[in-house]
Amino acid sequence: MVKNDVMPVSASPSEPFATFVPSESEPWGVSRVGHLYRRAGLGASFDELQRGLKLTPQQAVDQLLDYDPDTDRMDELQEQLVGYLKFDEPRQLQNWWLFRLLNTDRPLQERIALVWHNHFATSASKVTQLQLMADQIALFRRMGSGSFRDLLLAVSRDPAMLRWLDGATNRKGAANENWSRELLELFTLGAGHFTEYDVKEVARAFTGWRVENSRVWFDAGGFDDGDKTIFGTTAKWESESAIDLILRQPSAAKHIARRLLREFVHPGPTDEMIDHYAQRLLEHQWQIKPLLREIFASRMFFSDWAYRSRIKSPVDVTVAASRQIGGKITANFVREQTTKMGQSLFFPPNVKGWDGHEAWINANTILLRYNFGVAISTQRGEAFARQVDLEQWLLKHDMRSGEQIVDHFLTLMLDGSAPAELRTALLTYINRGPKGEARPFVLEKDGFNFKLRAIIHLICATPEYQLS
Amino acid sequence: MTTSRRELLKIGLSGAAVVSLSGTMPAFLSKFAFAQSAPRTQVSDDNILVVIQLTGGNDGLNTVVPFADDVYHKSRGQLAIKDKHHKINDQLGLHPALKGFKQLFDDGQLAIVNGCGYPKPNRSHFEAMNIWHAGDPQQSARVTGWLGHYIDHQLRGSDSALKAVSVGTELPLALSAQTPVPSIMTVEDFALKMDVVNSSDVELKRKMIRDTCTRCAAEAASPALEFLGRQASNAIIAADQIKKLTTGYKPDVDYPGGLGQQLRLIAQIIAANFGTKLFYCQLGSFDTHANQLDWHERLLAELGNSLAAFHKDLAAKKLDKKVTVMCFSEFGRRVVENNSRGTDHGTAAPMFISGGRVKGGMYCDYPSLTDLQDGDLKHTTDFRRVYATLLDKWLNSDSTEVLRNKFEAIDFI
């Protein structure tokens, strides 16, 4: 849960649901482009930032959203790697997802998969057949931006989920309520919107599903075909009709709207916002993509209230830094780092997923985030398959003075909207000689330059950089 | 952030007038300040629990040896401990390598809880370990660890930078909590790192990073920035303190290698007074399927000697009344040895509780070697009774809340 003393809940924007239109006071600048690519993507490289600035907000949002979930370059690559890509150990599976996150050209699809991985949080600690875990994430990629109703139905028959919440052992006369309880409490309605009796009856509606040799099948003999009373309505409910019934409850659309607003906009959306987007979700017949398009186009999304209001997840910190700075960081290094920082993909802490925000931060994890800045800026050792030639790039773009270099990285990494003190401190650092004397910095030649690398490290090691 | 807190934070970070700080500042800083000004008083809220996990399934029968039982000797033709055990009573003795345990037992600081297990025992390492970590034989999908649950609910208000510390690279499920628990492998890893060009450059960068954190914590441009600035400031100070303590730190005893070094790190952090309530470390592997004798002896010697050194060090620092240690393993081993001079996965086994406030002695019945279930010992004590006792009587917590059930306390505290 988000604690109000950490995140702002006031000062929400005026006319939040109107479409954002750039103006002199609210320009379409680096801050808003960077914000969009952080939230709806995985962070922007310099080129992506430049391209984004030339688009209208609408075009930028459309480019992120309009991917075809049925064709994917990364899936093709995965097919080519059959035989090489083995999921014998969790780390292999984790590395593969991180590789996709580092290299994908459709970041929103991966972002959505991360959101549903957190919503339907399933852990390989119990689902030890790792292919099933991989298949579940593929399901989120394929169906995650479509109809939530169809996604939920698919999840209810997903082998990993059937194992995770014991749906596969739920049968007539021996109901297991694990799935049914979390379906109502975490996946659709929220605590307080159903009774213990509903849990029992919903469990009966989902009896009969089995997993055998990783295949799901419906065992009619194990299905309880009797009358069930759910939310006071008696009928011969089964899984599909029960899901439709659950989604007709008033709290369902609010629950999902709240989840999406928290993940994409702000850790503490207002009731007014939740109600508005819950209504829109129903009007879109539970389709996620048109709802996200409205959210990303809104004044709310581009407001100061939403800007830098969330603490980056470990995946955000590492993957975005890599995409921003360049170079070829290995997925294995990102896995080690994100695990230490508290986010081990495929191993959410429990069925509630990661709380996120301030829960990411403690003494060790903040140091790990700061120290990651040393790794990403220097790119030494086996953690980097290929190093970025920053010096050459800067020379090519005629960025040589301390001021140009500091401003370049502040633009790239902090949207150019950093406190004046930080910029001054960075300039003081770079324009100083070995004995502490003032000496204007000039990048003269190619090759590792520790001063300019330190600028990247020092930006990573700021509280501002931890915010998305 | 209140004005006073902001001012105090500035004072605290500049290192001046630390003694005068009030309770409105982050707990870590005030603890630090207090530690410098006066010795801390003994209150129950200062109690610390250290968990040692014996990974792989420790052979309980060769740890607390039923030397007077013929069935034991018949079942263990190759592996039975025949002599040199440390007699505890007419029936039971500690493995010869457990000299360290014997000393603690004689000093009245070691409780042996016999026959710990749970109904329908699981013999998979992984699943059995999950059961012990979750404190729940049902293995529900809410896999927050039992200690993680304690951290989330009982330590939520604590602002300590290091509420709980796991020594090792990977966090055990037991500590899996919504508040990430730091895993510290070495002191070196828990530090603000720099690309070292020269010392003056390092100093410049360190100062910049500290100044930025302090500015965010003090200016409070947004609550999130204030929170991050405060966390980072605390962490940098904690890391510097830990580093200083390591550099100048002299343990009052010699610690053995392996587990001893983990416990040495824990003793250092306890001595540094960071307000850490829980520590977790691991020793293994106890999965002695073959050629058990030497292997098991080496591990038990490491365990006993390390633990004895740890308690001796704490006593020398007058911290022995603050710390309780719990040792467990995911299961014991079968009564009858196998054909490879080893033992296979079994069930019930003893747990060990040690410390200056522990009432030493033998607790609960030793399992019968004749009344078996599928060739395995029947547990006499639900392991969650040990958890409940520690939660209620040592950590001042509510075990019913954490374990979702009421378990009868055992009298070892």
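What pLDDT does chain A average, and what share of the residues score at least 70? In this predicted model, chain A averages a pLDDT of 92, and 97% of the residues score at least 70. An exception is found over residues 1–10 of chain A, where the pLDDT stays under 50 and for which the model has 23 contacts beyond four places in sequence. For chain B the mean pLDDT is 84, with 84% of its residues reaching 70 or more. For the complex as a whole, the predictor gives an ipTM of 0.91 and a pTM of 0.78.

The interface between the two chains is considered next. Contact between them involves 55 residues of chain A and 48 residues of chain B. The area buried between chain A and chain B comes to about 4400 Å², and carbon and sulfur atoms give 63% of this area. On the side of chain A, the residues that lose the most area to chain B are A:Asn364, A:Leu367 and A:Pro463, which together account for 13% of what that side buries.

With regard to specific interactions, two salt bridges are found across the interface of chain A and chain B. A salt bridge also describes the meeting of the side chains of B:Arg215 and A:Glu464, with an N to O distance of 3.6 Å. Between chain A and chain B, four residue pairs are counted in polar contact, both residues of each pair being at pLDDT 80 or more. The elements that give two or more residues to the side of chain A touching chain B are the helices H10 (178–188), H18 (363–378), H21 (420–430) and H22 (450–460) of chain A. Of the residues on this side, the largest share, nine residues, comes from H18(A). When the side of chain A that touches chain B is divided by class, it has 30 nonpolar, 13 polar and 12 charged residues.

Strand pairing was examined in each chain. In chain A, strand S1 (residues 209–212) and strand S2 (residues 215–218) run antiparallel and are joined by four bridges. Within this pairing, A:Val211 stands opposite A:Val216 of S2(A). The two strands S1(A) and S2(A) form a hairpin with two residues between them, and A:Asn213, which lies in the turn, has a positive phi of about 50°. In chain B, three strands form an open sheet in the order S2-S4-S3, with antiparallel pairing. The edge strands of this sheet are S2 (64–65) and S3 (86–87) of chain B, each of which pairs on one side only. Two bridges link S2(B) in the antiparallel sense to strand S4 (residues 93–94) of chain B, and the bridge partner of B:Val64 in S4(B) is B:Leu94.

Two local features of the backbone lie in loops. A:Asp166 has a positive phi of about 60° although it is not a glycine, and this residue is found in the loop between helix H9 (159–164) and H10 of chain A. In chain B, the peptide bond from B:Gly284 to B:Ser285 is cis, with omega near 5°. B:Ser285 lies in the loop between strand S8 (278–284) and helix H10 (292–316) of chain B.

Conventions
Residues are numbered from 1 along each chain as its sequence is written. Chains are lettered from A and ligands numbered from 1 in the order in which they are written. Side-chain values use heavy atoms; hydrogens and water are left out. Two strands pair if DSSP finds at least two bridges between them. Contact means heavy atoms within 4.5 Å. Buried area is the accessible area (1.4 Å probe) that two parts lose on being put together, summed over both. A salt bridge is a side-chain nitrogen of Lys or Arg within 4 Å of a carboxyl oxygen of Asp or Glu. A polar contact is a pair of N or O atoms within 3.5 Å; within protein, one must be able to donate a hydrogen and the other to accept it, and residues adjacent in sequence count only if both atoms are side-chain atoms. Ala, Val, Leu, Ile, Met, Phe, Trp, Tyr, Cys and Pro count as nonpolar, Asp, Glu, Lys and Arg as charged, and the others, Gly among them, as polar. pLDDT is the predictor's confidence in each residue, from 0 to 100.
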